[in-house]
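Reader: Could you walk me through this structure slowly? I am still getting used to reading such things.
Author: Gladly; here it is.

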Amino acid sequence: NLHAIWGTAANDIWAMGDNATILYWNGTSWTRKQSGHFEPMYAIWGTAKNDIWAAGATGIIQHYDGTSWSTESDTGSDNKTLYAIWGRSKSDVWAVGEMGALWHFDGSSWIGQDSGATRAFHAVWASSASDVIVVGEAGMTLRKSGDAWKGSTNENIPNLTATWSATHNDAWAVGHAGVALRWDGRGWTAS
């Protein structure tokens, strides 16, 4: 099974999946690449051909430098699978996953964040370094504004699986059963 895909051009595409599957499309054919581990990979994101991040089972985070994949961080001391990775730049990358796992890369190291959540996060997006949105199971939303994190869970809302934000006062989250929520700067409402 393949779980994630990302690329810079029609001849530079990466796909990730089970059994540490890493496939590379060069515009003509797929080639299997080595990762140095055996864990499933669920997410991929990058800034350029030589700056690509991938995350997966047991909290593993890998980095591609244009030549090879290497394990940059094994957040797996707690073995929480990471389902999403996204960033704004080489020094502002976020990874989220099981049981509220929330990690930030500041350009030099991965630092765990206290989300206070016990459910899985499925997506992350940031419109700025101080404006980050995380969404997940049971309609869970977590938002960083400045240095503070504020979250909520609504059991009546299905799992949220993706999010996007244009500005601090205009964000969206979507998920199971066709749910779509909009953030207007004050709160989330169904759309």
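Reader: How many salt bridges does a search of the whole structure find?
Author: The search finds five salt bridges, where a salt bridge is a side-chain nitrogen of Lys or Arg within 4 Å of a carboxyl oxygen of Asp or Glu. Please keep in mind that this is a predicted model, in which local features need pLDDT of at least 70 and side-chain atom pairs count only at pLDDT 80 or more, while totals for chains, interfaces and linings use all residues. Residues are numbered from 1 along each chain as its sequence is written, and side-chain values use heavy atoms, with hydrogens and water left out.

Reader: OK, which residue does Glu155 meet in a salt bridge?
Author: Glu155 pairs with Arg119 through their side chains, at 2.6 Å from N to O. This pair links distant parts of the chain, 36 residues apart: Glu155 lies in the loop between strand E16 (148-152) and strand E17 (160-167), and Arg119 in the loop between strand E12 (110-112) and strand E13 (121-128). Strands (E, at least two residues) and helices (H or I, at least four) are DSSP runs, numbered from the N terminus.

Reader: And is Glu155 buried or exposed?
Author: Glu155 is exposed, with a relative accessible area of 55%, whereas Arg119 is partly exposed at 30%. Buried means under 20% relative accessible area, exposed means over 50%, and partly exposed is in between, using a 1.4 Å probe and protein chains only.

Reader: What about Asp131, what does it form a salt bridge with?
Author: Its partner is Arg143, and their closest N and O atoms are 2.9 Å apart. Here too the pair links distant parts of the chain, with Asp131 in strand E14 (residues 131-136) and Arg143 in strand E15 (residues 141-145), twelve residues apart. Both Asp131 and Arg143 are buried.

Reader: Changing topic: where is Asp92?
Author: Asp92 sits in strand E10 (residues 92-97), and it is buried, with a relative accessible area of 4%.

Reader: Which side chain makes a polar contact of 2.8 Å with the side chain of Asp92?
Author: That is the side chain of His104, and a further polar contact, of 2.9 Å, joins the side chains of Asp92 and Arg88. A polar contact is a pair of N or O atoms within 3.5 Å; within protein, one must be able to donate a hydrogen and the other to accept it, and residues adjacent in sequence count only if both atoms are side-chain atoms.

Reader: What else does Asp92 touch?
Author: Leaving out residues up to four places away in sequence, Asp92 touches Gly87, His104, Phe105, Ser128 and Ala129, where contact means heavy atoms within 4.5 Å.
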